[in-house]
Amino acid sequence: MCHPRVIQTVKQRLLSRRDLFRTAGVVATATSTTALAAGTALARAPSRIEDLTYTLSPAFPTYSGEPGFAAEQTFDVAEHGFNQFDLSINEHTGTHIDAPLHVFADGAAVDEIPVASLVAPLVVIDIRTKAIADHEAQVTPDDIKAWIAVNGALPAGCCVAMDSGWSLRVDGPGYRNVDGGGTMRFPGFHAEAALMLIEEAECVGLAVDTLSLDIGSSTDFATHTAWLPSGRWGIENIARLDQVPAAGATLVVGAPKHRGGTGGPTRVLALV
């Protein structure tokens with residue numbers, strides 16, 4: 001359950017158009033800074049490139065529990081001289097991006113996300129130890145402060161990612177982790193951490209190695225409704241965060257570009 005201050009802050013942000021435009025200006029500044037930072041990073045050849053994307057298939061676990069992807073072959077080489085599939089895809093399945101429109105009627109669609117914000121310094125906050133003891137462990141402001149104490153200030157225009165170790169569960173029922181009462185239990189970002197990153201840092205994205213930015217049992221989705229209406233994006237089901245450093249990598253988000261989309265499956269790379 002979120003602290004009353006968090007809920008009140010979220011309500012104020014959703015109801016105040018003036019605050020929305022003010023925040024949009026901050027995001028615009030952050031994305032401009034990101035473009036400069038990304039240009040500097042890409043001027044140096046990375047030592048390696050890590051694919052932080054899961055392979056999409058009908059078997060990939062989804063938030064609803066229903067398959068989110070299907071592929072029907074409509075042409076094949078033997079009969080037609082070429083292969084082709086018709087795809088049916090839930091926007092929020094596999095490694096995917098949440099656009100502001102996902103939870104906010106006036107938010108940007110996925111095709112409207114500023115491209116400069118899709119190349120960003122990557123910050124990885126490791127809560128694996130906490131998540132072993134508590135399946136609904138959360139990234140809190142204290143975790144962010146601890147990262148800063150070790151690594152220095154958050155880079156302007158960064159994406160902050162949660163590494164809970166949940167990727168080790170992806171091939172089994174433990175990824176959705178439904179308890180005896182039918183409630184999912186998995187880690188996420190605390191809404192107060194999201195608000196801290198909005199108010200005190202020029203961050204453009206959040207990323208989680210679970211099915212949702214919010215913990216599995218959430219019913220108010222306070223992190224989604226704090227973060228996305230501010231004009232920022234989120235990545236869910238990011239993979240292989242244990243293969244990238246806590247600081248220093250550059251994230252490249254290959255977001256889809258379908259008109260009016262609330263998100264979509266995304267190829268995510270880390271340049272290390």
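Modeller: Let us start with angles: those under 35 degrees count as roughly parallel, those over 145 as roughly antiparallel, those from 65 to 115 as roughly perpendicular, and the rest as oblique. This is a predicted model, in which local features need pLDDT of at least 70 and side-chain atom pairs count only at pLDDT 80 or more, while totals for chains, interfaces and linings use all residues. Residues are numbered from 1 along each chain as its sequence is written, and side-chain values use heavy atoms, with hydrogens and water left out.

Colleague: Why are H5 and H6 called oblique to each other?

Modeller: The axes of H5 (residues 141-151) and H6 (residues 191-200) cross at roughly 50 degrees and come within 8 Å; the pair is therefore oblique.

Colleague: Which residues of H5 and H6 meet?

Modeller: With contact meaning heavy atoms within 4.5 Å, Pro141, Ile144 and Lys145 of H5 meet Glu192, Ala193, Met196 and Leu197 of H6. By class, that contact has 5 nonpolar, no polar and 2 charged residues.

Colleague: What makes the buried residues of H5 line one face of the helix?

Modeller: Buried means under 20% relative accessible area and exposed over 50%, with partly exposed in between (1.4 Å probe, protein chains only). The buried residues of H5 are Pro141, Asp143, Ile144 and Trp147. Seen down the axis of H5, they fall within an arc of 160 degrees, so they line one face. The face turned away from the buried side of H5 carries the exposed residues Asp142, Ala149 and Val150. Among the elements covering the buried residues of H5 are E5 and H6.

Definitions and conventions:
Axes fitted to C-alpha atoms, helices over the stretch in contact; angles between N-to-C directions. Helix = DSSP H or I, 4+ residues; strand = E, 2+ residues; numbered from the N terminus. Nonpolar A, V, L, I, M, F, W, Y, C, P; charged D, E, K, R; others polar. Arc of directions from axis to C-beta.
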